[in-house]
Number of protein chains: 2
Amino acid sequence: MSGPGDTVRLAHGAGGEAMRALIEDVFLRGVVDAEARAMDDGAAIPFGDRWLVVTTDAHVVQPAFFPGGDIGRLSVCGTVNDLAMMGATELVALTATVIVEEGYSIADLRRVAASMRAACDEAGARLLAGDTKVMRKGELDGLALSSSGVALADRVVRGGGVRAGDAILITGTIGDHGLAVLGARHQLGLGDALRSDVAPLNGLVRAALAAGGDAVHAMKDPTRGGVTSALTELARASGVAVRLDEDALPYTDAARAAAELLGIDPLVVANEGKALLAVAPDAAPRVIAALRAHPLGARAAIIGRAVAGEPGEVVLDTGFGTRRLRERDGDPLPRIC
Amino acid sequence: MSGPGDTVRLAHGAGGEAMRALIEDVFLRGVVDAEARAMDDGAAIPFGDRWLVVTTDAHVVQPAFFPGGDIGRLSVCGTVNDLAMMGATELVALTATVIVEEGYSIADLRRVAASMRAACDEAGARLLAGDTKVMRKGELDGLALSSSGVALADRVVRGGGVRAGDAILITGTIGDHGLAVLGARHQLGLGDALRSDVAPLNGLVRAALAAGGDAVHAMKDPTRGGVTSALTELARASGVAVRLDEDALPYTDAARAAAELLGIDPLVVANEGKALLAVAPDAAPRVIAALRAHPLGARAAIIGRAVAGEPGEVVLDTGFGTRRLRERDGDPLPRIC
C-alpha cells in the first residue's frame with residue numbers, strides 16, 4: 001500500500017479511505033491485536049460476565065478554542081462517545097495526556113483543564129491519571145491532547161451489526177462541529193448560532209438502548225469524515241448499502257449558511273455530539289421518541305435505511321434522483337478535531 | 001503559583017519541582033479526580049475483590065530512534081512500567097495514539113509500529129485500540145505518541161509506603177536511557193556500549209513481588225528527573241529521607257563516560273528500564289536475589305536506605321562526606337522521553 005519513499009500526507013488524517021489504508025497497513029496489521037481489528041470505535045474484552053471496553057483518541061484541533069467548546073471538552077467527549085458507541089455507558093476511568101509548546105499561556109491551559117473537568121462532570125466520568133510533556137518553541141503548534149477510557153458494557157454494540165431494512169437514525173443536526181471550527185478559523189463571523197455540538201453522548205445512548213434494547217443493531221459517531229465516512233464504514237463492515245433521504249437530514253440554519261460560504265458538504269464534516277444508529281424498523285419510533293426526550297437528542301430523525309446492495313455504498317436520494325456519497329480524500333480538512 | 005501572563009517553560013516538562021507545581025496547580029487541582037492525587041504512577045480503583053489500575057504517558061523523545069530503542073518501544077514500556085510500579089503486572093489492555101507531521105516517512109512509521117509490537121510481545125501486552133492524527137508540515141517536529149494501559153492487581157503498591165529503615169534497591173545501572181538519547185543527539189560517538197535501557201519491567205516486578213511479598217513497601221521507575229526526582233517523590237510522599245551510598249550505585253562504563261563528556265549528573269537523567277524499590281531490610285537479600293536471577297535485573301543493588309529526617313530529602317554519602325541531591329529544575333533536558 002505504500003512504497004519506501006512514501007511520506008505521511010494530510011489525507012492520512014482526514015478520516016477517509018487514505019487514513020484507513022494507512023492505519024490498517026501500518027498499525028492494525030503490525031501492532032493492534034487481531035481481535036480489535038474489526039475497526040470499531042474501541043475494543044471489547046470479556047470480563048467476568050460483562051465486557052470491558054477500551055478506546056483512545058488524539059486531538060489537535062486548531063483553533064483550540066472555538067464556539068461551543070475547546071480541545072479539552074473535545075478530548076473528554078471523544079473518548080466518552082467512542083465508548084458509548086459500543087454500548088459501554090458505565091464509565092470506569094478516563095486518562096489524558098497533554099503535550100504543550102514552550103511559551104503556551106498557562107491561563108489558556110487552565111481554561112482547557114476547567115473545560116475537561118466540566119465535560120467529565122457532565123458525563124459522570126472520572127479522569128484518574130494524566131501526563132504532561134513540553135516541546136520547545138516551534139516544535140509543536142500549541143497543544144495536543146490524547147485521552148483514553150475504560151468502561152463496562154453488558155452487551156457490546158458492534159459496527160458490523162447493521163441489517164438490510166434497518167432504519168438509520170441520527171441524534172441531531174449535521175456538521176455543526178466541523179463547520180464551527182472552520183468558521184472560527186476563517187473568521188466567517190456567523191455569530192453565536194454556529195456552534196460546535198461537542199457533548200458527551202453516554203446519557204443519550206443509555207436512553208436509546210433502554211428504549212430499543214437489542215433492536216439497536218449498530219452505532220457510530222460521525223466524527224472525522226462526517227456522516228459520509230461513518231455510514232460508509234458501518235455499511236461496509238455490515239455488508240449492506242445505505243440510502244439516505246436528503247429531505248430528512250437535519251441542519252441548523254447557521255450550518256447551512258457556513259457550508260454554503262465555505263463550499264463544503266456538511267455530510268463530510270466532523271460532528272462531536274451526534275450518533276448514527278441502525279435500528280430494526282419496528283423499534284425505530286420508540287428509539288426516536290427516547291432520543292427526542294433527551295436534551296441532546298431534540299432534533300433526532302430517521303434519515304434513511306439500510307438496503308441490500310454494494311457493501312459500503314451510501315446513496316443520497318435528493319427527491320430528483322440519487323447520487324453516491326463519496327468520502328473526502330483529495331481535499332482534507334486538517335485539525336478539525 | 002502562576003500569574004495571568006505566565007507561559008509554559010521547558011522546566012515544566014523536566015520532571016522536577018516546576019513540573020509538579022504546574023501539574024498539581026493546573027491539572028490535579030482542577031481536573032484529575034481527588035482519589036488519584038496521591039501522585040502515584042497511575043490510579044487504582046477497587047474492582048470486585050481486586051484493583052483495576054490505569055495509567056497514561058506521552059512521549060516526544062528526540063531523536064525518535066536512538067541506540068537501544070525508539071519512541072514506539074518507549075511508549076509501550078512507559079505505560080507497562082507505570083502499571084508495574086503499582087503492583088499491577090497482569091495486563092488487560094493497552095491503547096496508543098500517534099500524532100504525526102505531514103511528510104513523515106512511512107517507512108519510519110512502520111519501524112515504530114514494529115517496535116511497539118515487539119515491546120508488547122515482550123511484556124505480554126495487547127494493544128487493543130489506537131488513533132492517528134496528522135498535523136501540517138512545521139506544526140509538529142516529527143512524531144508524538146501517547147499510550148495508556150489497564151491492568152489488574154491483587155495488592156496496590158503505593159508510592160507513599162516507604163518506611164524508615166527500608167533498604168533502597170535499584171534493579172540495574174543508572175542513567176542509560178537519558179545518556180543514550182543525549183549521546184545520539186550530540187553525536188558523542190561512544191559506539192554500541194551507550195544504549196538506552198528501555199524495557200518492560202512487569203516480569204521483573206512480578207519476580208520481586210513473588211520474593212518480597214508485602215515487604216516491598218514502594219516502587220517507582222526513575223524516568224524524567226532520574227533517580228533523584230524519583231527518590232525525592234517517594235521520600236516526600238512517605239514522610240522520610242533517603243541516604244544513598246555513592247559506592248553502591250551501579251553504572252556502565254559508557255554511561256560514566258557520557259555523563260563526564262556531557263557534564264551531566266547521571267542521577268538526574270531518565271531511566272526507562274529500571275525500578276527503585278523500598279524493601280523491609282530483612283527481605284532485601286531475597287528480593288535482590290530474585291532480581292538478579294532475571295535478565296533485566298542482573299546488576300540489581302542495594303544503594304541506600306530510608307531514614308527518619310526531612311521528608312523528601314535525598315542525601316548522597318560519598319565516603320568523604322555527604323551532599324544533598326537536588327532536582328534539576330533550572331536546566332531541563334527536553335524531549336528525553
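Contact here means heavy atoms within 4.5 Å. With that cut-off, D176(B), L179(B) and L182(B) of helix α4(B) meet A255(B), A258(B), A259(B) and L262(B) of helix α7(B). Sorted by class, the residues of this contact are 6 nonpolar, no polar and 1 charged. The model is a predicted one, and the angles and distances that follow are computed from its coordinates.

Two packed helices are described by the angle between their axes and the distance between the axes. The crossing in which α4(B) passes α7(B) is left-handed.

Another helix pair in chain B is formed by α2, residues 71-85, and α3, residues 106-123. Here the axes lie 7 Å apart and the packing angle is about 30 degrees. Since angles under 35 degrees count as roughly parallel, that value makes α2(B) roughly parallel to α3(B). The handedness of the α2(B) and α3(B) crossing is right-handed. On the α2(B) side, the contact is made by I71(B), G72(B), R73(B), V76(B), C77(B) and V80(B). The α3(B) side contributes V112(B), S115(B), M116(B), A119(B), C120(B), E122(B) and A123(B). By class, the contact of α2(B) with α3(B) holds 9 nonpolar, 2 polar and 2 charged residues.

Chain A has a corresponding description for its own helices α2 (residues 71-85) and α3 (residues 106-123), which pack at about 30 degrees with axes 7 Å apart. α2(A) and α3(A) are therefore roughly parallel to each other, and their crossing is right-handed. From α2(A), the contact takes in I71(A), G72(A), R73(A), V76(A), C77(A) and V80(A). From α3(A), the partners are V112(A), S115(A), M116(A), A119(A), C120(A), E122(A) and A123(A). The contact of α2(A) with α3(A) has 9 nonpolar, 2 polar and 2 charged residues.

The next topic is the backbone in the loops. In chain A, the peptide bond from Q62(A) to P63(A) is cis, with omega near 5 degrees. P63(A) sits in the loop between β2 (50-59) and β3 (65-66) of chain A. In chain B, the bond from Q62(B) to P63(B) is also cis, again with omega near 5 degrees, and P63(B) belongs to the loop between β2 (50-59) and β3 (65-66) of chain B. A further backbone feature is found at Q187(B), a residue other than glycine whose phi is positive, near 45 degrees. Q187(B) lies in the loop between α4 and α5 (202-212) of chain B.

How are the chains related? Two copies of a chain are related by a rotation about an axis and a shift along it. In this model, a rotation of 180 degrees with 0.0 Å of shift along its axis superposes chain B on chain A, with an RMSD of 0.0 Å. That is the relation of a two-fold axis. The same surface serves both copies, as 100% of the contact residues of chain B recur in chain A. Which residue of chain B comes closest to the rotation axis? The residue is L140(B), whose C-alpha is at 2.2 Å.

Last come the confidence values. The predictor gives the complex an ipTM of 0.92 and a pTM of 0.93. Chain A averages a pLDDT of 91, and 90% of its residues score at least 70. Where pLDDT is low, the predicted coordinates should not be read in detail.

Terms used
Residues are numbered from 1 along each chain as its sequence is written. Chains are lettered from A and ligands numbered from 1 in the order in which they are written. This is a predicted model: local features need pLDDT of at least 70, side-chain atom pairs count only at pLDDT 80 or more; totals for chains, interfaces and linings use all residues. Side-chain values use heavy atoms; hydrogens and water are left out. A crossing is left-handed if the near helix is turned anticlockwise from the far one by less than a right angle, and right-handed if clockwise. Helices (H or I, at least four residues) and strands (E, at least two) are DSSP runs, numbered from the N terminus. Ala, Val, Leu, Ile, Met, Phe, Trp, Tyr, Cys and Pro count as nonpolar, Asp, Glu, Lys and Arg as charged, and the others, Gly among them, as polar. Copies are superposed by least squares on the C-alpha atoms of residues with pLDDT of at least 70 in both. pLDDT is the predictor's confidence in each residue, from 0 to 100. Axes are lines fitted to C-alpha atoms, for helices over the stretch in contact, and angles run from 0 to 180 degrees between N-to-C directions. Angles under 35 degrees count as roughly parallel, over 145 as roughly antiparallel, 65 to 115 as roughly perpendicular and the rest as oblique.
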